[in-house]
Each structure stands twice: as structure tokens, then as C-alpha cells.
Amino acid sequence: MTAQTGSTPPAPMRAATQKTGSGPIGILGPILAVLLLAFGLLLLHDALVAAGALSGTLWLNAAVDGVKGFAPVWWLIPAGIVMALLGLWLASAALRPRSRKTLPLTSSTGIFLHTRDIARLASGAARDLDGVLDVSSAATRRKVTVTVHGTAEAGLSDSVTAAVTDRLSVLQSPPRVAVTVHTPKEN
């Protein structure tokens, strides 16, 4: 038997934060990191050679000597424009916010659903209705698109919209529901 100490109960746990994606720089980041690492190794090699710790030639001097006597040619202008546009795209990709593909549920515990799970919920809600033969769904944070193949079109779109809206009402900000119904005579 435990004795009551009269202390206050512990504070509730803090809710989890929303998960974010890697962002558009996700693929380019490791590539640029490897290139920067290679350039750093080149500079380290040349520094050690210049300090006399290593024997050999300076690689930067060899690279500069390789382009000596390089005359301007016409294709350098479009190549420069392409490189400038690539640099602008990389800078904008690095500054864009990371993607979010989850929506919070109406709870204080910090539970989130991924958009692919929201699409599964919408398909499951539509699949339970009478007259539905096949369902496919796609979801974003703002919209759920449900494509239904049904036996009859009369009222099926409204009943699917109501069922999907009811199923997604557990979300704090449910996405808009768009339903497309295909009947056998349209196929």
C-alpha cells in the first residue's frame, strides 16, 4: 500500500510536433556535400604540399595551367546562362520550406495522418456504401479526390461525399472532398 504524499500530479506530456519532409534540397544536398568535400580535400592536399609535409605538385596550379591559353568561344555564353539559372534554382530550392504531408487529428496528443492514409480512409468510407464497385482516392493537405465506379449514378456522388466527409471529420482541418462517379454505361 502506498501512502499519499499530497504532491501535485505530473504535468501532461507535451504533444508531438508535426513531421516535415526533407524539402526540395533533399537529393541535391548530399551531392553538393560530396563536391564540397572533394574540394576541401584538394585544398588540404595543396596546403600540405605547400607546407612541405607532402611531396608532389600543387593540383590547383596544374588545373590553372590546364586552362591557360583558353580563348573565349561562342558556347560559353549559353553555358554561362545555364549555370546562372542552375545556381538560381539551387538557391531557391535551398530556401523553400520543407514539405508537410500530414494533417493533425482532433486530439491534444499530437497525432497526425499522412495524406496517403487520408486517401485510404476516404476509399474505405466510399467502399462501404451500397452501389460502389471500385474506389480509388488521392489526397493532398487541401483536397481529397475520390473516383468511384458504381452501379448507378443517382445519389451516389452525394452519399460518397457525405460518407467521406464524415470519416475525415476526425481531422482538425478536413480537406475538401471531390467525388467523380463512373457508371457502367460510361465505361
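## The hairpin of strands 3 and 4

Strand 3 and strand 4 form a hairpin with 3 residues between them. Helices (H or I, at least four residues) and strands (E, at least two) are DSSP runs, numbered from the N terminus. This is a predicted model, in which local features need pLDDT of at least 70 and side-chain atom pairs count only at pLDDT 80 or more, while totals for chains, interfaces and linings use all residues. Residues are numbered from 1 along each chain as its sequence is written, and side-chain values use heavy atoms, with hydrogens and water left out.

Two strands count as paired if DSSP finds at least two bridges between them.

An open sheet of 3 strands has the order 3-4-5, with mixed pairing. Its edge strands are strand 3 and strand 5, each of which pairs on one side only. On average, neighbouring strands of this sheet are turned by 20° against each other, direction ignored. Strands of a sheet pair through backbone hydrogen bonds, either parallel or antiparallel.

Helix 4 lies across strand 3 and strand 4, at about 160° to strand 3. Helix 5 lies across strand 3, strand 4 and strand 5, and runs at about 145° to strand 5. Axes are lines fitted to C-alpha atoms, for helices over the stretch in contact, and angles run from 0 to 180 degrees between N-to-C directions. Contact means heavy atoms within 4.5 Å.

## The nonpolar core

A nonpolar core is a set of buried Ala, Val, Leu, Ile, Met, Phe, Trp, Tyr and Cys residues joined through side-chain atoms within 4.5 Å. The largest such core has 23 residues, of which Ile118, Val146, Val148, Val160 and Val164 touch the most other members. Helix 4, strand 3, strand 4, helix 5 (156–167) and strand 5 (176–182) each supply at least two residues of this core. Helix 4 gives the most, with 5 residues.

Not counting residues up to four places away in sequence, Val160 touches Ala126, Leu129, Val132, Val146, Val148 and Val179.

## Thr115 in helix 4

Thr115 belongs to helix 4, which spans residues 115–127. Thr115 is buried, with a relative accessible area of 9%; buried means under 20% relative accessible area, exposed over 50%, and partly exposed in between (1.4 Å probe, protein chains only). Leaving out residues up to four places away in sequence, Thr115 touches Lys101, Ala139, Thr140 and Arg141.
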